[in-house]
Amino acid sequence: MIIATCDDNKDWSGYTTGMVEDYVDRQKWDAQILTFGNGRELMSYEGSHIDVLFLSIELNEGENGISLAKDINSRYPDCQIIFLTSHLSYAVDIFQVRHIYFALKCQLKDRLPDIFDRIMYEQKHRERKLVFNVSKGRQVQVGVPEIFYMERELRHTVIHVKWGEFQVKERMGELMDYLPALYFSRCHNSYIVYLPAVRMKKKTSYIMDDGQEVIISRSYREKTDEDWKHWVETQMIYRRQLGCLRLRKQLRGL
């Protein structure tokens, strides 16, 4: 695993890197830690894929961590971004880009167990593969997080993924029976979306991470409201469960 930190404040950069290195060492994980002093250094990096990025929102010289994260989302689609800041005023703006966590810098030490639990959960989820039958007996194997949405066109269903698209014959109902229900929402007779790839839900559409707007038809509005509420609640419950598990471990150690 390659973990990177990016902060142009030397004090906070050293603090973040030190906290991450200490946590990784205590867990006995095999990880390489990289430190970048600004966005230019990060974007000029040409080494192996960065798996995790602790990114400061406040950067000098006209740089902004949220804007930088958009470039990271494009360059490293599977990179898990943790935003760090000294100001809660950025809490709304971060939802413009894909990330897994947001924390105040002064609380980083206390938040690290939560953060790394989330990182490991996301990695496990990304290892799950779906197999689709395409033309002439061929099959395509796709990681669940690679999917954006599915669209029915005439006699085929087009599956839009991070690396392009492919067609299958299965209808939307058949696909919904196959897909993990928690992660997918049918929002139209012709559309199914992957909920973790949704940047924003509106009354009449989903806005995907790639900027695509997927229509929610009137007949599916109530169902998509339920799907979205269930997805959000599940993420909140998951975080609470992680906190309880850590508390139990701590109590057993007393």
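Predicted model: local features only at pLDDT ≥ 70, side-chain atom pairs only at ≥ 80, totals over all residues.
Colleague: Is strand β9 largely enclosed or open, and how many of its 6 residues are buried?
Modeller: Strands here are DSSP runs (E, at least two residues), helices are runs of H or I (at least four), and both are numbered from the N terminus. Buried means under 20% relative accessible area, exposed over 50%, and partly exposed in between, with a 1.4 Å probe and protein chains only. Strand β9 covers residues 156-161 and is largely enclosed by the rest of the structure, because the buried residues number 5 of the 6.

Colleague: In which sense do β8 and β9 pair, and over how many bridges?
Modeller: Two strands pair if DSSP finds at least two bridges between them. Strand β8 spans residues 147-153, and I147 stands opposite V161 in β9. The hairpin of β8 and β9 has 2 residues between the strands, and L154 takes a positive phi near 55° there. The pairing is antiparallel, over 6 bridges.

Colleague: Which residue of β10 is the bridge partner of T157?
Modeller: Strand β10 covers residues 164-168 and runs antiparallel to β9, with 5 bridges joining them. A hairpin of 2 residues connects the two strands. The partner of T157 in β10 is V168.

Colleague: What is the strand order of the open sheet of 3 strands?
Modeller: Its pairing is antiparallel, and the order is β13-β14-β15. The edge strands, each pairing on one side only, are β13 (198-201) and β15. Between β13 and β14 (residues 205-208) there are 3 bridges, and V198 stands opposite M208 in β14.

Colleague: How many disulfides does the structure hold?
Modeller: A disulfide is a pair of cysteine sulfur atoms within 2.5 Å. C6 is buried at 2% relative accessibility, and C187 is buried at 0%. The number of disulfides is 0.

Colleague: Is the ring pair of W12 and Y15 stacked or edge-to-face?
Modeller: Rings of Phe, Tyr and Trp (its six-membered ring) pair if their centres lie within 6.5 Å; planes under 30 degrees apart are stacked, over 60 edge-to-face, and the rest tilted. The count comes to 14 aromatic pairs. In this one the centres are 5.5 Å apart and the planes are at 85°, so W12 and Y15 are edge-to-face.

Colleague: Where do W12 and Y15 lie?
Modeller: W12 is partly exposed at 27%, and Y15 is partly exposed at 29%. They are 3 residues apart, about one turn of the helix, and both lie in α1 (residues 10-27).

Colleague: Is the pair of W163 and F166 stacked or edge-to-face?
Modeller: W163 is partly exposed at 48%, while F166 is buried at 9%. Their ring centres are 6.0 Å apart and their planes are at 10°, so the pair is stacked.

Key. Residues numbered from 1 in each chain as written. Heavy atoms only, no water.
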